[in-house]
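Please keep the sequence and the model in view while reading.

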Amino acid sequence: MGPFLKDSNQRSFSSDYYYLKTNDSFLKLPRLWLCYSKVLEKAYCEHCWLFADPKNPHFRWEWIEGINVWQGLSKKIKKHVTAAYHCDASLKYDMWKNKKTKDNLVDVNVKEQINFWVEVLKPVVDVIPMLSSCTLALRGHDERKMNESDVHNRGNFLSVIELLAKYNGVLYSVLNPENKRITYLSPETQNELISFLSFHIKKTIIKDIQESKYFTIILDTTQDISKKDQLSVIIRFVNIDSDSNNNFRTFIVQECF
């Protein structure tokens, strides 16, 4: 690119400024930020022109408005490339050039966190219905932090989670004693998960009953140790199993309590 207009001292911009010379005489690193305007006959920084923050306390307008004083230009370039506002502008330029906005980077980080906690919660959520189907209580006498050797009865839930963590790297990282993050294993979280699962199960049962041809409701009461009546509700419903041609195959009788 050239020729370049000379000033009153017969100095001008040179194409050599576009490259940073290294100790290896055959290796030149391009200064991708450095541009020259043939209209203004000035050199300027494209990165700063696009993305520099004027609120930065070290911000300077000279590389945005353009430089046409060529004496000592090499020193000016060296000083500019180390300026904080230039480095920040160059980072923003690279992200823009690669179509990686700050929002996109944040989205990537959020997605990584979501995927991590999904992998943590999968076994946690699976343990609760498993214990419930075996009519086993979740809680123990002492639910202090995992891996404490003096705790003998953490309960079925935490004991199973601790066992699974030996074979699950993601879960193990959460239970690591050095981990200061949340674990989603507290009694409050257990209750919340139980409520979510209960709501989902009830919703599924209601849907199955509504789709069934026949159903019956059985009510029964019994007194507990405090002589209060406890009501049990049993719903028995029938679904018809058909083949792909809607031909009858059998009745399916189900019960829920």
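## Model and confidence

The model is predicted. Mean pLDDT over the protein chain is 81, and 82% of the residues reach 70 or more. Confidence is highest in strand 4, with a mean of 92, and lowest in strand 7 (residues 248-256), with a mean of 66.

## Overall make-up

The protein chain contains eight helices and seven strands. It has 257 residues, of which 25% count as buried. Among contacts in the chain with a separation of 6 or more, 43% are between residues 24 or more positions apart.

## Nonpolar cores

The largest nonpolar core has 21 residues, and the members that touch the most others are Phe-13, Leu-34, Trp-63 and Leu-73. Two or more residues of this core come from each of strand 3, strand 4 (42-45), helix 2, helix 3 (73-81) and helix 4. Another core lies apart from it and has 16 residues, including Val-120, Ala-165, Val-174 and Leu-175.

Phe-13 is buried, because its relative accessibility is 2% and the cut-off for buried is under 20%. Neighbours within four places in sequence aside, Phe-13 is in contact with Phe-4, Tyr-18, Leu-34, Tyr-36, Ala-43, Trp-70 and Leu-73.

## Aromatic pairs

There are 15 aromatic pairs in the structure. In one of them, the ring centres of Phe-13 and Tyr-18 are 5.4 Å apart; the planes meet at 70°, so this pair is edge-to-face. Tyr-18 has a relative accessibility of 15% and therefore counts as buried. An aromatic cluster is formed by Phe-4, Phe-13, Tyr-17, Tyr-18, Tyr-36 and Trp-70.

Phe-59 and Tyr-85 make up an edge-to-face pair, with 5.4 Å from centre to centre and 65° between the planes. Phe-59 is in the loop between helix 1 (46-51) and helix 2 (62-65), whereas Tyr-85 is in helix 4 (residues 84-97), so the pair ties together parts 26 residues apart in sequence. Phe-59 and Tyr-85 are both buried.

## Cysteines

How many disulfides does the structure have? The count is zero. For Cys-87, the nearest cysteine sulfur belongs to Cys-48 and is 8.9 Å away, and Cys-87 is in no disulfide. A disulfide would need the two sulfur atoms within 2.5 Å.

## Ser-37 in strand 3

Ser-37 belongs to strand 3 (residues 34-37). With 16% relative accessibility, Ser-37 counts as buried. Apart from neighbours within four places in sequence, the residues in contact with Ser-37 are Lys-42 and Tyr-44.

## Helix 8

Helix 8 (residues 187-211) consists of 25 residues. From its first C-alpha to its last, helix 8 reaches 36 Å, close to the 36 Å expected at 1.5 Å a residue. Buried residues in helix 8 are Thr-189, Gln-190, Leu-193 and Ile-209.

Notes: Residues numbered from 1 in each chain as written. Predicted model: local features only at pLDDT ≥ 70, side-chain atom pairs only at ≥ 80, totals over all residues. Heavy atoms only, no water. Helix = DSSP H or I, 4+ residues; strand = E, 2+ residues; numbered from the N terminus. Buried < 20%, exposed > 50% of the residue type's maximum accessible area, 1.4 Å probe, protein only. Contact = heavy atoms within 4.5 Å. Phe/Tyr/Trp six-rings, centres within 6.5 Å; stacked < 30°, edge-to-face > 60°. Core = buried A, V, L, I, M, F, W, Y, C linked by side-chain atoms within 4.5 Å. pLDDT = per-residue confidence, 0-100. Expected span 1.5 Å × (residues − 1).
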